[in-house]
Amino acid sequence: MAAAKTAQRRRDLLEATSRIISERGLSGVSVRAVAERAQVSAGSVLYHFESFDQLVEAAVRGAIREFIDTRRAVAEGHRDPIDRLRATIHAGIPERISDDLRVVYEASAVVREQPRFRLDIALLLERQVALYTSIIDVGVALGAFSPRMEVPAIAANLVALEDAYDLYLLDPDNWQRETYLSNTLQFAEIALGCRLSGEPPTASTAAPTAAPAAATDPEETE
């Protein structure tokens, strides 16, 4: 019972930290802010982690895992490669920037000054490119796509377009999502010789449940 209570407290602290980073940025997160959000004492925050830096790093890592798992779930929710690619692009340039994506951008922005996040951001990029590469490779095998450049380059460009446009969409007054989405879909159409216009289809298979933002096993955050 005590172990379960400790694990839950750690999850609560990780969630509180992630939310604060999303709302205020990394510069706005502090022991006091996390304690107030989680409704615990400042001493309790530090009791459950070796250091405050470890807590912040674990929260960022959890947000990245959640972001990756959510993207994978969207892709796996469609059997047809055209539908899968279209849905993945739509999810990559979302109508609403999620808390997890905001945390990802916060960590990306400080990598130069805080290299502790470098490996996690590099892993995120690798997984995003790998997801698109897999979707395209399957589509090529099924005759749905006819790549006009190297597949890894197409995948990397799709991720770069997402990252750039989502950065603009962090501004709540930016209402150009449809333009950004159209531009990205058009690039994919030209690069892959396919047709992607139209609304994203309804998932043809049940998408797997995404992993929680905070690690359920506290040992994973160590």
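**Close-up views of the helical chain**

View 1. What covers the buried residues of α6 includes α1, α4, α7 and α8. The model is predicted: local features need pLDDT of at least 70 and side-chain atom pairs pLDDT 80 or more, whereas totals for chains, interfaces and linings use all residues. Residues are numbered from 1 along each chain as its sequence is written, and side-chain values use heavy atoms, with hydrogens and water left out. The buried positions of α6 are D100, L101, V103, V104, Y105 and A107; buried denotes a relative accessible area under 20%, exposed over 50%, and partly exposed the range in between (1.4 Å probe, protein chains only). An α-helix has 3.6 residues a turn, so residues three or four places apart point the same way.

**View 2. The protein chain as a whole.** The chain contains 9 helices and 0 strands, so that its elements read α-α-α-α-α-α-α-α-α from the N terminus on; helices (H or I, at least four residues) and strands (E, at least two) are DSSP runs numbered from the N terminus. Of its 222 residues, 45% count as buried. Among contacts with a separation of 6 or more, 72% are made by residues 24 or more positions apart, a contact being heavy atoms within 4.5 Å. The accessible surface of the chain comes to about 11,600 Å², and 52% of this surface belongs to carbon and sulfur atoms. Accessible areas follow the Shrake-Rupley method with a 1.4 Å probe, and for residues only the protein chains shown count as cover.

**View 3. The largest nonpolar core.** This core has 62 residues, and V34, V45, L85 and I89 have the most contacts inside it. Two or more core residues are given by each of α1 (2-24), α2 (31-38), α4 (52-76), α5 (81-92), α6 (99-109), α7 (118-141), α8 (151-169) and α9 (177-192). Helix α4 supplies the largest share, 11 residues. A nonpolar core is a set of buried Ala, Val, Leu, Ile, Met, Phe, Trp, Tyr and Cys residues joined through side-chain atoms within 4.5 Å.

**View 4. The surroundings of L85.** Leaving aside residues up to four places away in sequence, L85 touches Y132, I135, F145, L158, A188, L192 and L196. L85 is also one of the residues with the most contacts inside the largest nonpolar core.

**View 5. The salt bridge between D99 and R19.** The side chains of D99 and R19 meet at 3.3 Å, N to O. This pair links distant parts of the chain, with D99 in helix α6 and R19 in helix α1, 80 residues apart. D99 is partly exposed, at a relative accessible area of 25%, and R19 is likewise partly exposed, at 37%. A salt bridge is a side-chain nitrogen of Lys or Arg within 4 Å of a carboxyl oxygen of Asp or Glu, and by this rule the count comes to 12.

**View 6. The salt bridge between R37 and E23.** The closest N and O atoms of R37 and E23 lie 2.8 Å apart. R37 belongs to helix α2 and E23 to helix α1, 14 residues apart, and the pair links distant parts of the chain. R37 is partly exposed, with a relative accessible area of 34%.

View 7. For R116 and D53, the closest N and O atoms are 3.7 Å apart. The pair joins the loop between α6 and α7, which holds R116, to helix α4, which holds D53, across 63 residues. R116 is partly exposed, with a relative accessible area of 31%, as is D53, with 43%. Elsewhere, salt bridges that share partners join E15, R19, R96 and D99 into one network.
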